[in-house]
Amino acid sequence: MNPVLLPVRLYGDEILRTKLKECDVFDPALQAFIPDLVHTMYERDGVGLAANQVGSHFRVFVIDPAWAREDASPNPIVMINPIIESREGEVDNEEGCISLPGIFAYVHRAVRISYSYSDPQGNRLHETAEGFKAVVIQHEYDHLEGIVFTDRIGILAKLKLKRKLNELVARAVNGVNIMEGFPDD
Ligand SMILES: [Zn+2]
């Protein structure tokens with residue numbers, strides 16, 4: 001079956017504020033969902049996408065930090081039930097998010113992390129990352145905790161984005177804010 005392009009949830013959608021619970025790696029619904037998650041990340045030209053950004057409650061995200069490069073070929077890394085074990089150093093990185101179209105801000109992150117996760121085959125992997133990959137993992141991990149990157153910026157930076165953020169929130173209907181029909185869509 002061909003993977004499906006899932007509708008992206010925008011800032012103002014309650015599911016982006018939901019802390020996702022650990023899931024069973026071998027749940028057939030999760031296994032069926034993963035290809036759609038990966039497909040949607042590439043279709044939306046993201047370097048990462050978390051389950052709640054497309055309306056799912058599985059504790060999983062996909063990343064492909066190299067996708068930002070011109071010559072990149074797809075290399076998705078799916079992380080199920082990830083845990084960030086340690087954070088070291090500091091870096092300020094300009095971030096954006098598929099769920100916050102047109103909004104960018106510098107976010108303070110750790111420069112090196114160690115973390116563990118289950119891959120879709122059920123192997124528990126322990127790895128380290130630094131630089132951009134570490135930042136992408138921290139950004140996506142935040143989504144699983146119900147946090148978006150604008151929660152981590154200073155008051156002044158947030159004031160500058162206030163109008164755009166309010167415009168996004170104003171689109172929400174009964175706590176649901178789907179990208180379809182958005183000008184950038
Ligand atoms: Zn994001």
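User: What is a nonpolar surface patch made of?
Analyst: In this predicted model, a patch takes residues with over 30% relative accessible area and no salt bridge. Nonpolar side chains are joined within 5 Å.

User: Which residues make the nonpolar surface patch of about 370 Å²?
Analyst: One member, L159, lies in helix 3, residues 155-170. L159 counts as exposed because its relative accessibility is 51%, and exposed means over 50%. The patch of about 370 Å² is made by I155, L156 and L159.

User: How many residues apart are C97 and H139, and where do they lie?
Analyst: C97 is in the loop between strand 4 (91-95) and strand 5 (105-109). H139 belongs to helix 2, residues 132-144. The pair thus links distant parts of the chain, and the separation is 42 residues.

User: Is C97 buried or exposed, and is H139 buried or exposed?
Analyst: Buried means under 20% relative accessible area. C97 has 12% relative accessibility, so C97 counts as buried. H139 has 8%, so H139 also counts as buried.

User: In what order do the elements of the protein run?
Analyst: The secondary structure comes to 3 helices and 7 strands. From the N terminus on, the order is α-β-β-β-β-β-β-β-α-α.

User: What radius of gyration does the protein have?
Analyst: The C-alpha trace spans about 45 × 40 × 35 Å along its principal axes. A compact globule with 185 residues would have a radius near 16 Å. The protein agrees with that, at 16 Å.

Key
Residues are numbered from 1 along each chain as its sequence is written. This is a predicted model: local features need pLDDT of at least 70, side-chain atom pairs count only at pLDDT 80 or more; totals for chains, interfaces and linings use all residues. Side-chain values use heavy atoms; hydrogens and water are left out. Patches are made of residues with over 30% relative accessible area and no salt bridge: like charges are joined within 9 Å, nonpolar side chains (Val, Leu, Ile, Met, Phe, Trp, Tyr) within 5 Å. Accessible areas come from the Shrake-Rupley method with a 1.4 Å probe; for residues, only the protein chains shown count as cover. A salt bridge is a side-chain nitrogen of Lys or Arg within 4 Å of a carboxyl oxygen of Asp or Glu. Helices (H or I, at least four residues) and strands (E, at least two) are DSSP runs, numbered from the N terminus. Buried means under 20% relative accessible area, exposed over 50%, partly exposed in between (1.4 Å probe, protein chains only). The radius of gyration is taken over C-alpha atoms; the globule rule is 2.2 Å times the number of residues to the power 0.38.
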